[in-house]
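Visitor: I have a structure open and would like to talk it through. Can you put it up?

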Amino acid sequence: EAKAAREASLTAALGVALRDGVPADFSDGDALTAYTRERLQTRCRYLHVLLLCDDEICSAARQLLIPTSGGSESSAPVSVLSIGGGPAFDHVAVRLLAAFLAWMPCGGGASLPAVRVRTVVLDLFEE
């Protein structure tokens with residue numbers, strides 16, 4: 001119950017940060033872990049679903065994540081800029097999609113190494 005109260009306090013502090021521009025205190029590792037776990041699946045799902053949409057922009061973004069026969073070692077990583085991305089939910093979502101696309105059977109059933117992903121997270125406050 002104490003962890004839940006600390007997570008609720010962090011959530012409230014994040015609301016104040018958005019509204020008033022006062023940085024939240026992320027020093028409580030347990031509260032940050034609870035906050036992240038509570039939101040990870042939902043936040044990752046949003047970007048994952050968007051990247052799988054059937055339109056021109058999403059298709060172009062998805063193509064960047066499809067591995068080539070040269071392997072991920074020979075290609076530059078895909079760069080992702082996450083604005084307001086909190087604890088890197090966008091990186092997790094893109095990385096999971098890259099792993100899924102690499103896992104998809106390629107002809108004879110073999111998979112290729114996943115495309116490398118490099119993410120820069122720009123959030124409300126400089127850390």
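This is a predicted model: local features need pLDDT of at least 70, side-chain atom pairs count only at pLDDT 80 or more; totals for chains, interfaces and linings use all residues.

Visitor: Where does H2 bend, and by how much?

Guide: H2 bends by about 50° at leucine 40. The bend is the angle between axes fitted to the seven residues ending there and the seven starting there. Helices are DSSP runs of H or I with at least four residues, and strands are runs of E with at least two, numbered from the N terminus.

Visitor: What caps its N-terminal end?

Guide: Aspartate 28 does, with a side-chain oxygen 3.1 Å from the backbone nitrogen of aspartate 30.

Visitor: Which residues of H2 are buried?

Guide: Ala31, Tyr35, Thr36, Arg39, Cys44, Leu47 and Leu51. Buried means under 20% relative accessible area, with a 1.4 Å probe and protein chains only. The buried residues of H2 pack against helix H1 (2-20), helix H3 (56-64) and helix H4 (89-103).

Visitor: New topic. How many residues are in the largest nonpolar core?

Guide: The largest nonpolar core has 13 residues, and Leu47, Leu51 and Leu65 are among those with the most contacts inside it. Such a core is a set of buried Ala, Val, Leu, Ile, Met, Phe, Trp, Tyr and Cys residues joined through side-chain atoms within 4.5 Å.

Visitor: Which helix gives the largest share?

Guide: H4, with five residues.

Terms used:
Residues are numbered from 1 along each chain as its sequence is written. Side-chain values use heavy atoms; hydrogens and water are left out. Buried means under 20% relative accessible area, exposed over 50%, partly exposed in between (1.4 Å probe, protein chains only). Contact means heavy atoms within 4.5 Å. A polar contact is a pair of N or O atoms within 3.5 Å; within protein, one must be able to donate a hydrogen and the other to accept it, and residues adjacent in sequence count only if both atoms are side-chain atoms.
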